There are 2 protein chains.
Amino acid sequence: MANPVLVEAMRGDTRESAHRGAIAVLDADGKRLVALGDIDRPVFPRSAVKLLQAIPLVESGAADRLGLDDEELAIACASHNGEPGHVAVVERMLAKAGLDVGALECGTHWPRIGKVANAIAAAGGEPNALNNNCSGKHAGFLCLACVLCGGVNLSQYAKGYVAPRHPVMRAVTEALEATTGHDLRQAPRGIDGCSIPTYAIPLDRLALAFARIGTGTGTGLRPGHARAGARLRKAVAQHPFMAAGSDRFDTAVMEALGERVYCKVGAEAVFCASFPERGLGVAIKIDDGNTARAAEVAMAAAIEAFVDLDDEEADLLRRLSDAPLRNWNGIEVGALRATPELRDGLNG
Amino acid sequence: MANPVLVEAMRGDTRESAHRGAIAVLDADGKRLVALGDIDRPVFPRSAVKLLQAIPLVESGAADRLGLDDEELAIACASHNGEPGHVAVVERMLAKAGLDVGALECGTHWPRIGKVANAIAAAGGEPNALNNNCSGKHAGFLCLACVLCGGVNLSQYAKGYVAPRHPVMRAVTEALEATTGHDLRQAPRGIDGCSIPTYAIPLDRLALAFARIGTGTGTGLRPGHARAGARLRKAVAQHPFMAAGSDRFDTAVMEALGERVYCKVGAEAVFCASFPERGLGVAIKIDDGNTARAAEVAMAAAIEAFVDLDDEEADLLRRLSDAPLRNWNGIEVGALRATPELRDGLNG
């Protein structure tokens, strides 16, 4: 059976396009508050689980040994815009590990935000691996390698750290497996955009992991993971710009709501969040993979349904869950909005 | 009932994302060869019908009176990249009407192709209305106004030409209504990205219009429309770069296949085509509105199913209907491809 339509693009009074998907909202004990669509089908969580993947960086003691600050911990969980502020923090982090851009194995892409790309082009430049949206996560992996290498030459040890069997990636996968409680040995595996493995996990388990990490509670959550998760969440809440950047949903929402919402988008329209005050975790997948058009709208509706908001916050979220669409002349031609079906499902 | 999945994004062996949609293939007498999904639901055709909207420019005699050449006729049917070659042709066309960029009412946007936008930024510039992907269509409207104005001051007459009741737009809408055979007075109306009206029309009627215009036959097709359509198709076939531009599906396919395929993409994943040799018209709408990710893949599969291709042409189309997905390191991580359901449906 097809998943329900969660987000619709209206032109005038007519639905022009529709985004189907599934959303799970769970508490830390695994109780399902919302199960709209198929939340048991495994989906690749992509970058939505970067905070879970950064847990070993903290739990291993690597973050303390290298003296990483909150900006650096925040960017280890980020899909950033590759803006100058992001690039500087990643460089600083690599320097603490005694490494530079040459150690990054994430590949290079042009920043996706037009003005960031334009600024590089206007200066006659080209992007490098530091501009890659995953460079902070990869710098975190390299910092973790500093502890795991046990005295072996770091550069040599770290080579190929993106491979599933490398000790760095084994530690990262183990943290993902433990926090989601999902057996990843049996899970479909793919290669992510930045070349690390990505494992398909049901939305139900992803929501559970973010409920656990958001609250530090729940049967089976290891104390070390709870502590590391809390530290990473606080770091992101202190520096939401590091999590994404200018004109980005995650940054705007966490700048407004602080520690009351931790949220992280992933490629192909996966979106995970913790609502610590409510003790809840959320996981969304839009079937067609459209992040900006649909996953963000659905997440805004979930925040509206579950987080206590003052008027100003409510206005911000409403602009994200029910946004006017304007054309090149600035004329309002329609709206991009959460469907009644999604809102009804969220309100139980 | 949900439309079938026409295009799938694979990561490894797992389907990561899926695009549902509908496709109609008809002959000029209205016989349905393919009806996959709901082809009776009205959809906004957006830019996919620009050739139909350019018919009055030719039929009215305006194209001849102003001495428009084939490049200019081609760009009147285009959603172009705003590259220097496009901008020059639109400027030339406006000059023939005694107008300039100031007369265009399409609005301004940054070119969507990164390298085109980067080139403007690198030169310290900003885009103007000539760079708008619809500027050629709008220049065509202004040339049509030259004939319709009947001696009144053109600049004054043309002001507000994007409004539904302006004589220019009435002529354009009448051609759309006549070629599709669909009553547009009753149709849902929206405002398009470039501010002209867009009317929702069933895929069935859009495919019929392109079968008629591709063959010049079919009950109810006016001889003047048949002649104008043939001239516009030939102009595009001579200058496929004008129809879209660098790295674009429409340009690449029509450069390879010449007059054997006329195809035109529209926003929100509508895609129309004529296959004149086969006497067929095609209309596709992907439900979620993702053009590059899905409508193009589905159209490539339709061309493979209905157009006789030599080996080199078949290779090109297969790369478009079943494309490897590579990550930032160039590693093949999956594929974007037509589903077996679509291919089976196309092969009847």
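Quick housekeeping. This is a predicted model, with local features needing pLDDT of at least 70 and side-chain atom pairs counting only at pLDDT 80 or more, while totals for chains, interfaces and linings use all residues. Residues are numbered from 1 along each chain as its sequence is written, chains are lettered from A and ligands numbered from 1 in the order written, and side-chain values use heavy atoms, leaving out hydrogens and water.

Okay, aromatics. Over all chains, the search turns up six aromatic pairs, meaning Phe, Tyr or Trp rings (six-membered ring for Trp) with centres within 6.5 Å; planes under 30 degrees apart are stacked, over 60 edge-to-face, the rest tilted. One of them is Phe249(A) with Phe271(A): centres 5.3 Å apart, planes at 65 degrees, so edge-to-face. That pair links distant parts of the chain, 22 residues apart, from helix 12 to strand 9 of chain A (DSSP runs, H or I of at least four residues for helices, E of at least two for strands, numbered from the N terminus). Phe249(A) is buried at 6%, and Phe271(A) is buried at 0%.

Over in chain B, Phe249(B) and Phe271(B) also have centres 5.3 Å apart and planes at 65 degrees, so that pair is edge-to-face.

How values were computed: Buried means under 20% relative accessible area, exposed over 50%, partly exposed in between (1.4 Å probe, protein chains only).
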